[in-house]
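Dear colleague,

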Amino acid sequence: MQLSRAIRGFLLARSADGLSENTLIDYERTLRTVAAFLADPDIEAVTTDDLRRYLDHLRRDYVPTRMSGDASPLSPKTIKNHWIALASFYKWAARELGVDNALAGIKPPQTSQATVEPFTQDEVQAILKACERTKTASTEQRLPFTMRRPTAARDRALILLLLDTGLRASECAKLTVGDVDLGTGEVTVKGFGSGRKSRPRHVYLGRVSRTALWRYLGQREDGEDASAPLFVSVDSRPMNRTSIRQLCKKLGTRAGVSRCYPHRFRHTFAITYLRNGGDVFTLQRLLGHSSLDMVQRYVRLASADDAAAHRKASPADNWRL
C-alpha cells in the first residue's frame, strides 16, 4: 500500500476517534510533507533511516511556507510535533496494517521548556490603544491625523476576552453569541475534539470585558442571534485560530509589543490570577487543564515575582537597619 493511501486511512480513523479539526489538519500537513519528501513509497518500504533523514531535513534544509511570509527555520517544538504525528501514524499502521514501526528506533527530539512571559500592564494598554486608532497619516493639505479603525470594537472585545478568560485561540474561535451571558459574564466553553486540550467548562468576564463585547455585538445585525459566531471578519466570516493569531500579531506590531500572540494572553491571565490571590485548583478548572503540571509552572513564576517584589521593598534592607 502506498504511503499516501495509508495516510488517508489514518486520517479517517482519527477523525472517527473524535480528534479535533485542528489536530487533523496538523497531522495531514505533516504526513503529506513526509510522503512528498520520500516520493510516496510503499509504506512497508519506509525505513528508520528514511525517517531520520526526514527529521534532519526539517532541521537543516526545510524552508517553511507561512501565511505571514516568515521563512525562518522550524522551532524544536514544531519538529517534535512532526515526530508526534509520525508516532501516532505508525502506532495506527502497526495495529491496522501490520507494518513494522519504522519510528520505533528514533527518540523524540529534545525541546527546552517554553518561556512563559506574561504581558505587562503597559503592554496591554498599548495593544488596546492600537485597536482603536489608525496609524498617524500626514498630507500636504492638513495636519497629521488618525481615524477610528472600522474593527476597533471587535478587536478590543477580542483582546479583553482573551485576557479576562485565558481561553485558547481555537476555543475563542468556536464561541457563539449564545455562549456568552452578558448579564453574569459567564462564558460556556463547549470543548471539542478528544477533549485533551479543550475541556468543557465555564469561564467568566469582568465588567470592562462585558461592556466591550456588548458594544461590539450592538454594531452587528446578528448580534442577538445565539447561533452566530461571536467574532467575525470584515466580510462576516467566522474568525478562526489563524486569523485571531494574525490579528494579535498585527496589533502587537502597531503597538510596538513584541511576541504578541493569543497564548501569551492566557499566560497573563493565569499569572495575574495567582498574583491577585486566586487558588490553583480553580485556575486549573478555568484554564481547562487536565493536570496541575502547567498550573504549577504559573505558581512558580508568581512566587518568583513575590520574592523579587519583597527584595525591592524589604523595610529591613531599604531602611539600612
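Arg-53 has a relative accessibility of 46% and therefore counts as partly exposed, where partly exposed lies between buried, under 20% relative accessible area, and exposed, over 50%, as computed with a 1.4 Å probe on protein chains only. The model is a predicted one, in which local features need pLDDT of at least 70 and side-chain atom pairs count only at pLDDT 80 or more, while totals for chains, interfaces and linings use all residues. Residues are numbered from 1 along each chain as its sequence is written, and side-chain values use heavy atoms, with hydrogens and water left out.

The side chain of Arg-53 meets that of Asp-50 in a salt bridge, with 3.1 Å from N to O; the term stands for a side-chain nitrogen of Lys or Arg within 4 Å of a carboxyl oxygen of Asp or Glu. Asp-50, at 17% relative accessibility, is buried. Both residues belong to helix H3 (residues 48-60), three residues apart, or about one turn of the helix, a helix being a DSSP run (H or I) of at least four residues, numbered from the N terminus.

Counted by this rule, there are 19 salt bridges. Among them, Arg-154 pairs with Asp-155, their closest N and O atoms lying 2.8 Å apart; Asp-155 is buried at 0%, and Arg-154 is also buried, at 11%. Another joins Asp-235 and Arg-237 at 3.6 Å between the closest N and O atoms, with Arg-237 exposed at 57% and Asp-235 partly exposed at 45%. Finally, a network of salt bridges links Glu-117, Glu-123, Arg-259 and Arg-264.

How values were computed
Helix = DSSP H or I, 4+ residues; strand = E, 2+ residues; numbered from the N terminus.
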